[in-house]
Amino acid sequence: MLFIESTELISSWFEIPKENMDPLASVFPVIKLAAHIAGALADLRTLCKQLPGRVHALSNEVSDIEVVLIQVAKVLQERCCSPISTEETDNKFILQLLVRAETKLKELRSIVDGLAASSKQNNVMIFRAGLWRKEQPRLLVLQDDIKAIKSSLNVVLGASNSYDALLKDCSHRFSFAS
């Protein structure tokens, strides 16, 4: 059983984006999804005043990845308008990260929505009902996955910014040399 779960986890990390997917168009639904989850977590905090620290940490990760995704969208938008070409592998890697982020955020959304729905329906603290304890291991894994994706996106952003700066500097030097 453990092998099957770990195989599914590993295979979900390498989902291949559909052919001809536009990274810029792909990032916006993921941003919207992250914003929805951040709002749902805020609603949970309002409903249940005594939330465990894990939910606050999870909420912070979701907010952080939302900010990183917005930065990714800005870079992708600049790339669309730039005369400097980018490597196709960059776009494929960004798309893979976006697919992973969307998958993990959808899984998180289903858990958070379920927790919020049971809180509203039963008017009972979900954390006392045991539902929270049941979902906590999955939430911890999702938090770690989201953190890893966010870190990878940050590395891509940093590399992209360095590469763009280098290309601009080179093109600037060559224009003065001519």
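Helices here are DSSP runs of H or I with at least four residues, strands are runs of E with at least two, and both are numbered from the N terminus. The model is predicted, so local features need pLDDT of at least 70 and side-chain atom pairs pLDDT 80 or more, while totals for chains, interfaces and linings use all residues. Residues are numbered from 1 along each chain as its sequence is written, and side-chain values use heavy atoms, without hydrogens and water.

Q: In which helix does Gly39 lie?
A: Gly39 is part of helix H2, which covers residues 23-47.

Q: Why is Gly39 called partly exposed?
A: Its relative accessible area is 31%.

Q: How far from Ser59 is Gly39, by C-alpha atoms?
A: The separation is 9.1 Å, for two residues 20 places apart along the chain.

Q: What makes Asp145 count as buried?
A: Asp145, in helix H6, has a relative accessibility of 6%. That value is under 20%, so the residue is buried.

Q: What makes the pairing of Asp145 with Lys104 a polar contact?
A: Their side chains come to 3.2 Å. The term requires N or O atoms within 3.5 Å, one able to donate a hydrogen and the other to accept it (residues adjacent in sequence count only through side-chain atoms), so the pair qualifies.

Q: Which residues have the most contacts inside the largest nonpolar core?
A: They are Val27, Leu41, Leu69, Val72 and Leu108, in a core of 39 residues. H2, H3, helix H4 (88-122) and H6 each supply at least two of its residues, and H2 gives the most, with 11. The set is called a core because its members are buried Ala, Val, Leu, Ile, Met, Phe, Trp, Tyr or Cys residues joined through side-chain atoms within 4.5 Å.

Q: Which residues does Leu108 contact, leaving aside neighbours within four places in sequence?
A: Leu108 touches Ile37, Leu58, Val62, Leu139, Leu142 and Ile146, where contact means heavy atoms within 4.5 Å.

Q: Which residues line the largest cavity?
A: The lining is Val72, Val75, Leu76, Arg79, Ile94, Val156, Leu157 and Ser160. A cavity is a set of points on a 1 Å grid where a 1.4 Å probe fits but cannot get out, and lining residues have an atom within 4 Å of a point. Helix H3 (53-81) and helix H6 (131-177) each supply at least two lining residues, and H3 gives the most, with 4.

Conventions: On a 1 Å grid over the protein atoms alone, a cavity is a set of points where a 1.4 Å probe fits but cannot get out, and a pocket is an open set with protein on both sides within 12 Å along at least five of seven lines; lining residues have an atom within 4 Å of a point. Buried means under 20% relative accessible area, exposed over 50%, partly exposed in between (1.4 Å probe, protein chains only).
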